[in-house]
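Colleague: Please show me the model, and then let us go through it by question and answer.

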Amino acid sequence: MRVMSRVLAAVAWPYANGPRHIGHVSGFGVPSDVFSRYMRMAGHDVLMVSGTDEHGTPIQVQADAEGVTPRELVDRYNRVIVEDLHGLGLSYDLFTRTTTGNHYRVVQELFQGLYDNGYIIAKTTLGAISPSTGRTLPDRYIEGTCPICGYDSARGDQCDNCGNQLDPDQLIDPRSKINGETPEFVETEHFFLDLPAFADQLNAWLDTRDGWRPNVLKFSRNLIDDLQPRAITRDLEWGVPIPLDGWRGRDDKRIYVWFDAVIGYLSASIEWARRSGDPDAWRQWWQDPEAQGYYFMGKDNIVFHSVIWPSILLGYSSPEAGSLGALNLPTEVVSSEYLTMEGRKFSSSRRVVIYVRDFLERYDADALRYFIAVAGPESNDTDFTWAEFRRRNNDELVAGWGNLVNRSISMAAKNFGEIPAAGELTAEDERLLAAVRAGFDSVGRLLGKHRQKAAITEAMRIVGEVNKYFSDQAPWKLKEDKARMGTVLHVALQAVRDCNTLLTPFLPHAAQKIHGLLGGTGVHAPMPEIVEVEDLDNGRSYPVLTGDYTVGAKWEHVAIEPGTPLAAPTPVFRKLDESIVEEELARLEP
Ligand SMILES: [Zn+2]
């Protein structure tokens, strides 16, 4: 018996400083959508949330460089990213942003709860001031050499070369970006999250985690061995204000972006509930001990999800839970590795990049979804090449699945004009139908364990069996035996119907189309929509992704109905010409 449950799909928050490239969406986007679609089809109650991550120094630096305000910059890229994710068909229940009034309130509530429980400590640190003006120099205006990797343009809060977080006084040869002078360091107060206080609880929790990808578990354990208190406020004007007396009104100190962004999973769930008409609905995914929570991200974000976010949840929930009540820890942190591009690291500045929107202008979303599922960086780094993308599209999607759909439906349409009835089934007929139906178990089991590469390989193996059946039975040679021809086509169409369901989490756009080609009506694979909403707390408007995913196919065999009219099909997938490889390579920097 299948056990239904509530499943939170918590998807990493894309940073709103530019459009997303296909490396980004291969890590967090497509895998979380495949999982959520499957779990919904299997009868679980899924809540899939995320949004754009919009605070922090890099946003402010980029806004300064473009001569716009941070808000203008994030308004622009929030919209761009919403459109990118919509184009890929990612079925968020709510994709929102971190600059909402709701998010500010939830972040401040968690800060307050941690503070009340004694896990946020004020510490005196060294902050930079400009010797010529005597004023505080925000982190973004300090540059110097990274003490870890030696990069000579590291910022006061982070090195963009090695990705390590820094404090301004750690920089070698620090200088002001405004006038080049050497900043003076004076004592200033900041707040730190007392991470070492959670080490034992984190280790005990990780001991109970079976089934995580081994690299994620090992990496997380190593992090716990070396925990230090971590700054959660910065010298910065762009961010969530500190909710404590004496700090609330200050415009030079803000909550650090990483602390506010991880809380987005909770704030987005609460925003979703408030918009649903039942403001407490989020509690079913966060407080019911039976509810499961899966977090999707690239490997550079593991620390935030397997150490820092669980620490925040533990510290807010005990010894005294804050006003929201005690909160669940993640069930699993599902981290992927990196996708490279033609053997190189993605780099927007060096044009080793393909943006989602550019991709979707020239190719279909499902062609990319297929590539990511079958060849993406699930458990090791993988490489995207245009030649391999074209080969998989043409040889597997078009020649394998697309061809089966096309030839079975067009032959039935031409000879019967409808789904023919089956006569007596032969042993081969029975064997094929059983093999396809077994896929609901084999493919489903792999999808439930985040083994998407194995899952789609298994689904395509079944497609291969149906293709072989079709070739072996050669219905085109049965013109003299119309009854047997009808039986073979009936069996083939039934197999196509079920294979289409097996492939729906991966290829939702194609699945909807094939559903229609088989004479089906209504929604088979529900799609997200972009809805313009008003902020629940301050009246600003912004676009969100949301949708009704309660409709659509279930993860089960459905018998086709003889007599359903069929028309000659149009191709579901597009074959790609050899010339696209050269064209695309020419767009990259040599
Ligand atoms: Zn560095």
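Colleague: Which protein atoms are the donors of the zinc ion, and how far from it do they lie?

Modeller: The model is predicted, so local features need pLDDT of at least 70 and side-chain atom pairs count only at pLDDT 80 or more, while totals for chains, interfaces and linings use all residues. Residues are numbered from 1 along each chain as its sequence is written, and side-chain values use heavy atoms, with hydrogens and water left out. Donors are N, O and S atoms within 2.8 Å of the metal (3.2 Å for Na, K and Ca), and sites may look incomplete because water is not among the atoms. Here they are the SG atoms of Cys146, Cys149, Cys159 and Cys162, lying from the zinc ion at 2.3 Å.

Colleague: What is the arrangement of the four donor atoms around the zinc ion?

Modeller: Four donors count as tetrahedral if all angles lie between 85 and 135 degrees. Ideal angles for four tetrahedral donors are 109.5 degrees. The angles around the zinc ion are 105 to 117°, and therefore the arrangement is tetrahedral.

Colleague: Is cysteine 149 buried, partly exposed or exposed?

Modeller: Buried means under 20% relative accessible area, exposed over 50%, and partly exposed in between (1.4 Å probe, protein chains only). Cysteine 146, at 2%, and cysteine 159, at 0%, are buried. Cysteine 149 has 34% relative accessibility, so the class is partly exposed.

Colleague: With which side chain does the side chain of glutamine 284 make a polar contact?

Modeller: Glutamine 284 is in helix 9 (residues 283–286). Leaving aside neighbours within four places in sequence, glutamine 284 is in contact (heavy atoms within 4.5 Å) with Arg6 and Ala291. A polar contact is a pair of N or O atoms within 3.5 Å; within protein, one must be able to donate a hydrogen and the other to accept it, and residues adjacent in sequence count only if both atoms are side-chain atoms. At 2.7 Å, the partner is the side chain of arginine 6.

Terms used
Tetrahedral: all angles 85-135°; square planar, octahedral: opposite > 155°, others 65-115°. Helix = DSSP H or I, 4+ residues; strand = E, 2+ residues; numbered from the N terminus.
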